[in-house]
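Me: I am new to reading protein models. Please walk me through this one, feature by feature.

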Amino acid sequence: MRKRPDTKGKTFAVAPMIDWTDRHCRFFHRQLSKRAVLYTEMIVADAAIHGDRQRLLGFDECEHPVVLQLGGSDPAKLAQAAAIGADYGYDEINLNVGCPSDRVQSGTFGACLMKMPEHVGALVAAMKTGVDLPVTVKCRIGVDDQDPEEALDGLAEAVWKAGADALWVHARKAWLQGLSPKENRDIPPLDYDRVYRLKQKNPDRFIGINGGISTISEARDHMEQVDGVMLGRAAYQTPALLGDVDALMEGGEPRSIDYDGLIGTMADYAGRHIAEGGRLSHVTRHMVGLFHGFAGARRYRQILSSDATRKDAGPEVLLAAFAEVDLASSLDAA
Ligand SMILES: Cc1cc2nc3c(=O)[nH]c(=O)nc-3n(C[C@H](O)[C@H](O)[C@H](O)COP(=O)(O)O)c2cc1C
């Protein structure tokens, strides 16, 4: 029998994803796992300072532990935005040093900061002065023609010196010219060993790994090498896998998901959101992948992407979509 990994002190996280990991998505994910650490979408420091804070930063109490990811390159603004996040009750503030989009590059932040480790250190130090919370960084192993050995070690050293509490590494480079953000999540090759080597060199530091991890079993294997594992697309597209996270972290057999309870909770939540002026689809768009592999999932998805998007759609549309799913087919889906 396979040895149970020691997951004590380890972390399972759902990655920050713009347009995906908004508060409704996080509420949904939290119903599936109490132990997963949930990251917000990247919020630009200027937006946190000048924007509609409640819309950008508000969250439900059940989302804890929840981490605010910030983007920016100005130490004073990041310190201010971090302090605003702390006031809102976030559990940790994370700095984005991995996003390669043009919009982000023109503001000289995100992945292009990989070329400026000293500056990233200054940003972390500034954020630390603003808050009494863990301040962490999410980065790549390098950009463009950087040597990942030097680039990642250099960045790690700079952020430790500045007092960072953890470093999450998306285990591939970003190529800043010629690739779209989407291509930059697939085309540069993954190099998990590079992240493992960083951990071996820094045994007392928290180092988490991210990129291309698609099952709980893969997450478990990575946990034997590093301190944390972060899933992005797999968690979003097949959220049922989050139902196994608590068993992974606490030991014991995975429990099957109480889908009736889950859909009931989500329908109530959507009802409250609609009563506050929101739309059903704001909530249900994150739930499209829930019944992946079940009989009836196609019809469920169709209803969520058609009827549920109508302006006047209510929670009963979610219940009707759920009624199409044959839960008894779940064994085949496993
Ligand atoms: C739609 C989408 C939006 C993303 N937005 C962010 C972001 O706001 N901040 C960030 O650090 N990474 C962002 N990422 C990258 C993910 O956090 C993650 O690093 C990447 O998807 C690789 O992990 P995965 O293979 O598990 O998806 C985004 C990814 C996706 C798919």
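Reply: Start with helices and strands: they are DSSP runs, numbered from the N terminus (helices H or I, at least four residues; strands E, at least two). This is a predicted model: local features need pLDDT of at least 70, side-chain atom pairs count only at pLDDT 80 or more, and totals for chains, interfaces and linings use all residues. Residues are numbered from 1 along each chain as its sequence is written, and side-chain values use heavy atoms, leaving out hydrogens and water.

Me: Where is Asn210 found?

Reply: Asn210 sits in strand 7, which covers residues 207-210. The UniProt record (an unreviewed entry) lists Asn210 under "binding site", along with others including Lys138, His170, Gly212 and Gly232. UniProt annotations may be inferred rather than shown by experiment; positions follow the numbering used here, and feature names are shortened.

Me: Is Asn210 buried or exposed?

Reply: Buried means under 20% relative accessible area, exposed over 50%, and partly exposed in between (1.4 Å probe, protein chains only). Asn210 has 7%, so it is buried. Gly212 has 42%, so Gly212 is partly exposed. Gly212 lies in the loop between strand 7 and helix 9 (216-223).

Me: Which residues is Asn210 in contact with, leaving aside its neighbours within four places in sequence?

Reply: Contact means heavy atoms within 4.5 Å. With those neighbours set aside, the partners of Asn210 include Lys138, His170 and Gly232. On the same terms, Gly212 touches Leu190, Tyr192, Glu218 and Arg233.

Me: How many bridges join strand 3 to strand 4?

Reply: Two strands pair if DSSP finds at least two bridges between them. Strand 3 and strand 4 (residues 92-97) run parallel, with four bridges. Strand 2 (residues 37-44) also pairs with strand 3 in the parallel sense, over five bridges. In strand 3, Val67 stands opposite Glu92 of strand 4 and Tyr39.

Me: Why is strand 3 largely enclosed by the rest of the structure?

Reply: Count its buried residues. Six of the six residues of strand 3 (residues 66-71) are buried, so the strand is largely enclosed.

Me: Which side chains meet Arg194 in a salt bridge?

Reply: A salt bridge puts a side-chain nitrogen of Lys or Arg within 4 Å of a carboxyl oxygen of Asp or Glu. Arg194 meets Glu149 this way, at 3.5 Å from N to O. Arg194 is in helix 8 (residues 192-201) and Glu149 in helix 7 (residues 148-161), so the pair ties together parts 45 residues apart in sequence. Salt bridges with shared partners join Glu149, Asp153, Arg194, Arg197 and Lys201 into one network.
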